[in-house]
Amino acid sequence: MPEIFRFFGFSFFFYSKEHEPIHVHIEGNGGYAKFEWNGESFVMIESDGIKVSDLKKIKNIVSDNSDIIVKRWNDHFNR
């Protein structure tokens with residue numbers, strides 16, 4: 001389970017045996033979210049148990065670091 005980074009007590013990661021499309025899982029503070037790459041940006045497709053204020057932070061982190069997330073995915077899966 002490669003962790004990409006941690007912010008505000010949340011872990012941003014993907015699993016070693018993942019499927020397309022590119023996506024990132026976020027867990028922490030008793031909650032979970034998942035964002036999927038649509039070719040231009042990441043879109044939240046799932047969330048549970050994350051406060052609205054934390055979700056805003058997470059969305060900004062994913063958006064601001066989308067190039068890193070895509071690069072780490074491609075590096076890990078040799079694409």
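Me: Which residues on the other side of α1 are exposed?
Reply: V52, K56 and D64 are exposed there, where exposed means over 50% relative accessible area, buried under 20% and partly exposed in between (1.4 Å probe, protein chains only). This is a predicted model, in which local features need pLDDT of at least 70, side-chain atom pairs count only at pLDDT 80 or more, and totals for chains, interfaces and linings use all residues. Residues are numbered from 1 along each chain as its sequence is written, and side-chain values use heavy atoms, with hydrogens and water left out.

Me: And which residues of α1 are buried?
Reply: D54, L55, I58, I61 and V62 are buried. They lie on the same side of α1 because they cover an arc of only 125 degrees around the axis, taken from the directions from the helix axis to the C-beta atoms.

Me: What do they pack against?
Reply: The buried residues of α1 pack against β1 (3–7), β2 (10–13), β3, β4, β5 and α2 (66–76), with contact meaning heavy atoms within 4.5 Å. Helices (H or I, at least four residues) and strands (E, at least two) are DSSP runs, numbered from the N terminus.

Me: Switching to the strands, how many bridges join β4 to β5?
Reply: There are 6 bridges, and the two strands run antiparallel; pairing requires that DSSP finds at least two bridges between strands. A33 has S47 in β5 as its bridge partner.

Me: Which residue in that hairpin takes a positive phi?
Reply: G39 does, near 105 degrees, in a hairpin with 4 residues between the strands.

Me: What about the hairpin of β3 and β4?
Reply: That hairpin has 2 residues between its strands, and N29 in the turn has a positive phi of about 50 degrees. H23 has E36 in β4 as its bridge partner.
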